[in-house]
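Here are my notes on the model you sent. They go from the single chain to the pairing of the two chains.

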Number of protein chains: 2
Amino acid sequence: MPDTGQLSAVLERIDADFDNSLERLFALLRIKSISADPAFAGDCKTAAEHLARDIASLGFTAEVRPTAGHPAIVAKSNGHGDDTPHVLFYGHYDVQPVDPLDLWHRPPFEPVVTDHADGRKIIVARGAEDDKGQLMTFVEACRAWKSVTGSLPLNVTILLEGEEEIGSKNFGPFLETHKADLAADFVLVCDTGMWDRDTPAITTSLRGLVYDEVRIKAANRDLHSGVYGGTARNPIRVLTRILGGLHDDNGHITIPGFYNGVKDLPADIRAQWAALDFTPETFLKPIGLSIPAGENDRLMIEQAISRPTCDINGIFGGYTGEGSKTVIPAEASAKVSFRLVEGQDPATIRAAFRAFVTELLPADCTAEFIDHAGAPAIALDWTMKPLAAAKVALTEEWGKDAVLIGSGASIPIVADFKKTLGLDSLLIGFGLDDDNIHSPNEKYDLRSFHKGIRSWARILAAFAAAPRA
Amino acid sequence: MPDTGQLSAVLERIDADFDNSLERLFALLRIKSISADPAFAGDCKTAAEHLARDIASLGFTAEVRPTAGHPAIVAKSNGHGDDTPHVLFYGHYDVQPVDPLDLWHRPPFEPVVTDHADGRKIIVARGAEDDKGQLMTFVEACRAWKSVTGSLPLNVTILLEGEEEIGSKNFGPFLETHKADLAADFVLVCDTGMWDRDTPAITTSLRGLVYDEVRIKAANRDLHSGVYGGTARNPIRVLTRILGGLHDDNGHITIPGFYNGVKDLPADIRAQWAALDFTPETFLKPIGLSIPAGENDRLMIEQAISRPTCDINGIFGGYTGEGSKTVIPAEASAKVSFRLVEGQDPATIRAAFRAFVTELLPADCTAEFIDHAGAPAIALDWTMKPLAAAKVALTEEWGKDAVLIGSGASIPIVADFKKTLGLDSLLIGFGLDDDNIHSPNEKYDLRSFHKGIRSWARILAAFAAAPRA
C-alpha cells in the first residue's frame, strides 16, 4: 500500500515529465490506425506494436496478440501477491475515419498543441481524445509510478484493442480465448467524458447499439431518367420513403414494438435530472442548434441519455459528383443505427428494423442488410467499492465533487467484460462534449491529458488502499 | 439536286469505307470528354479540336469557338447558292461521367466491337451512342457525299457543343452571340432513338427538365451519434423525410401546383397509345422490372412520355465508406429532377419544389439549392415539310415505315433553336432502349452506326430534292 509521500512524488514526476508524455502521445497519434478501412490494416498493426514496445519499456510483459481482425495487446505488471487488488485497464488504439478531410484545419495525423478560440490549450489530431489520448493518461500514470517507486501500487493488466470503432466484433471471441489470462478484480475503461470542463465524472450507464446497413435494389442497371423516368422504380425514392417514415411528427420511432420493454424514468430521478443545468443553451448552442430534435414529450436529458434513438449515419445512391446526371440508379443504400436502453434486445430491434423495411418494399425491389454492430445497454453497479475510492481520488485532483452520470453513447465491450470475464467495469474518462470525436478537428484539452494522468496516479493509489471490490 | 445514281454511289462508298468510319469513331471515343467533371476540361478541349480537324478535312470551314464553358464547334459547307436548302446539324461531343466504374466490363474509354448476348454486334464505350456515335453518323454521311461527288447536295452547317450532359447552360448565350452565323432553314438533331431495332423514328415531342440540388444543413459540425443522438437534428433524417413525401401512395407528385396546366391526353390518342405494343414485358422486363412505378391511374406509355415525373438522381450524406461510423453529419444533399410536359413552366416548378422543401424544414435546419438545368417541354411541328422527306428516306433505308413518336427525355437546346434562331428542329436518331446511355457499358448497335450513316446520306439527298421548309 503506497504512502502519501509516494503519491506526491509521483504527481511531481508527472508534472516534470509532461512534455515527454506529450511527445509520446504525439508518436502514437502519428500512426494512421483507422480500423474501418482495410487500406490502413498495416497502420493498425504498427500502432499495436508501437504500444506494446512502449508499455514493455515500463517493465510490463507486453505482447501483441492476433485476433480475427486487428491485433490486441495484453500487458502485465503483477509483481504483487494475490492479496493486492488487480485491475484490468481497457482502451483502444484504433481511430475513426477522417473524412470529410477538407474540413480539417490541419492534417489529422500531424498532431499539434494549439489554442482553442477561448484560449484553452488543446491537442488536435484524429484520436487526440478517442481513444489514444485517453488510454495514454493511464499508461503515463503507470510510467510515473514505475519511475518513482520502481513498481505499481497494485497488480495491473493493460488490455488494448484495435476494433472498437468498428464494433469490437473479434474482441468478444478474443476475451473468451484469453479468459484465464485476463483475471482481475474489475475493469477500468478510459473512453468516456467529464460532466463539464471542471467537474470529473464516473459513467454508470451506457446506451446499447444496433448498427445496420440496408441496400435497396431495383433495375438490373442504372437507367436514363428521361427514358425510364415515370415507369421504372427508383431505389433512392424507395429508400427515402422508407427511412423518412422511421419517425413520426413527434419524434417517436415508428417501428412496431421498438419501445417494448423500455421503462419510464422513475419520478424522483426525472425530477433530479430536470433540475440539472443541461439545457439547449449549454448543450446544443455550441454545435449551432437550439431545439432538441428527439421525442417531444421527453426532457432533453432523457433524449440524450435514457431514451432509445434511431439515426441515419450515412446514405448513398446515384450520382453524387459535381453537376448533374439524369440517372435512375440500380441501387441505393443507407447506414442506420439505434441507441438502445435497458429492456431492449439488440437482436429483436435489428429484426424489427429489417421487417419494417421489408414490409414497405414496393414491387420489383429487394433489400439486403449488413450487420455492423449490436450491443445491449449497460447499467453499472453504483455500489461497487472501487467506485467510491475513485470518486474520492477524482474529487481530490479536480477540486470539485466527481459526479455519477449516464452516457448516451455505447461501449459494447463493457457487456462482454461482464458476460465473459464476470467483471464489472468502472468508466472514467476526461473527454469533453466539444472534443469533436468522430468529426473533423478532433481535440483533447491539454488539461484533460495532464490532469487525466494525475487522476489515474491518484486512483491507483486509492484502489491499493481501498477494500477489494 | 443529286440524281439517284449519285446516291447509290454514296451508299456504296459508305459500305466500302465502313471500317474506316468505325476507326474514326473509335478515335473520338478514346477522348475522355466528361463535361460534368472539371478534371476533364482538357479532354473536352481535345475532343473539340479533334472534331474540328476531322470535319475541316472534309472541306468544311471548321472552327473551335470558345463559350463560357467547354468550347463549341461551328463548321460550314455552303458552296451552294441561297436557292439550295441549308440545314444546321446539331450534336454534342461531351459524355456522361462513368461511375460506377466497377460495373463496366471494360474500360469505358477503350472502345471495342463485341457481341451482344443475342448475337448483335455492338460498339461498347462511354459515348458510343450518346452522342459521339450518333453525331458521327452525320459526319460520315457528309464524308461519303464529299468523297463521291466532291460536294454536299445542300448547304450544311455543323454545330457541336460540349455541355449537353450538364444542361447546355453556356450554349444558349453562344447561340445568341453567333446567331447571324448560324442562319439555316431548319435544324437536324441526332440525339434520339428508333422505335425498335427495325423501325426508324422521328421524335416529335420531348419532355422538359428541371434539375435541382438541395443541401440541408443542421449542426455546425459532424457529431457523435452516442453523445448527440436523440437531441441533435440529423440532416439525413430531414432529407429522407422531405424527399420521401414527394410522391403519394398512388405515385402522384405531392408538390402543390405541380400538375397545374398539365392536360389529359385526348381520348383518341390515348386509345391509339393503348393499342401499341408498349408493355411491361417489352419495356421493363429487359431492365429486370415488371410493374410500372409511376402514377397508377395512367397507361405505362403515358408515364413514360406524356406525364411529368420526379426522380431523385443522387443522394449523399454522412459516412458511406466500408463498415460503420456513428456520426450525425452536419449536412446531407440530393439531386432531384423533374421531367416536364406541355403546360408546365420550369421556373414555376423549380420554385414550387423549393417551397415544398423549405416548408417542411424543421427548426435549426437550412436548405441551399443549386440550379443545374431547366427547359420546357417541346412539341414539334408535325407538318413541317422536311419531316415528310426525312420519313420517306428513313423508310427506304430500313424497309419499314418510319414512325413519329414522343420521347420521355429532354433536349433543352431544341427550345433555344426555336427561340434564338427561329428554327424548327427535326429529331432523328438511331439509339435503342437497351443502349445503356448514362449507365455502365454504354453501347451502340453496329447496325445503328452503319445504317445511321446511310440514313443521313439518303435524308440529305431527300432534303435537296424536297420543297423548302
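Predicted model: local features only at pLDDT ≥ 70, side-chain atom pairs only at ≥ 80, totals over all residues.

1. Chain A holds 14 helices and 18 strands.

2. Overall size of chain A. For 469 residues, a compact globule would have a radius of gyration near 23 Å. Chain A comes out at 24 Å, so the two values agree. Along the principal axes, the C-alpha atoms fill a box of roughly 80 × 50 × 50 Å.

3. Packing within chain A. Of the 469 residues, 57% are buried. Take the contacts in chain A with a separation of 6 or more: 78% of them join residues 24 or more positions apart.

4. Domain 1 of chain A puts 7 residues into the contact, and domain 2 of chain A puts in 11 residues. The domain 1 side has 4 nonpolar and 3 polar residues. It has no charged residues.

5. The interface between chains. Here 83 residues of chain B are in contact with 82 residues of chain A. Which element gives the most to the chain B side? That is β11(B), with 9 residues. By class, the chain B side has 33 nonpolar, 35 polar and 15 charged residues.

6. β11(A) and β11(B) pair with each other in the antiparallel sense. The pairing runs over 5 bridges. Within it, please look at Gly318(A), which stands opposite Gly314(B) in β11(B).

7. Helix α7 of chain B. This helix spans residues 235-243. Is it buried or exposed? It is mostly covered, with 9 of its 9 residues buried. Among them are Pro235(B), Arg237(B), Arg241(B) and Leu243(B). Ile236(B), Val238(B), Leu239(B) and Ile242(B) are buried too, as is Thr240(B).

8. What covers α7(B). The partners come from both chains. From chain A, α7 (235-243) and β11 (309-318) pack against the buried residues of α7(B). From chain B, the partners are β9 (208-217), β11 (309-318), β13 (331-340) and α11 (346-360). When you inspect this region, show both chains: β11 of chain A packs against α7(B) and also pairs with β11(B).

Note on methods
Residues numbered from 1 in each chain as written. Chains lettered and ligands numbered in written order. Buried ≥ 20, exposed ≤ 12 C-beta atoms within 10 Å, placed from the backbone. Helix = DSSP H or I, 4+ residues; strand = E, 2+ residues; numbered from the N terminus. Contact = placed C-beta atoms within 7 Å. Rg over C-alpha atoms; globule rule 2.2 N^0.38 Å. Nonpolar A, V, L, I, M, F, W, Y, C, P; charged D, E, K, R; others polar. Pairing = 2+ DSSP bridges.
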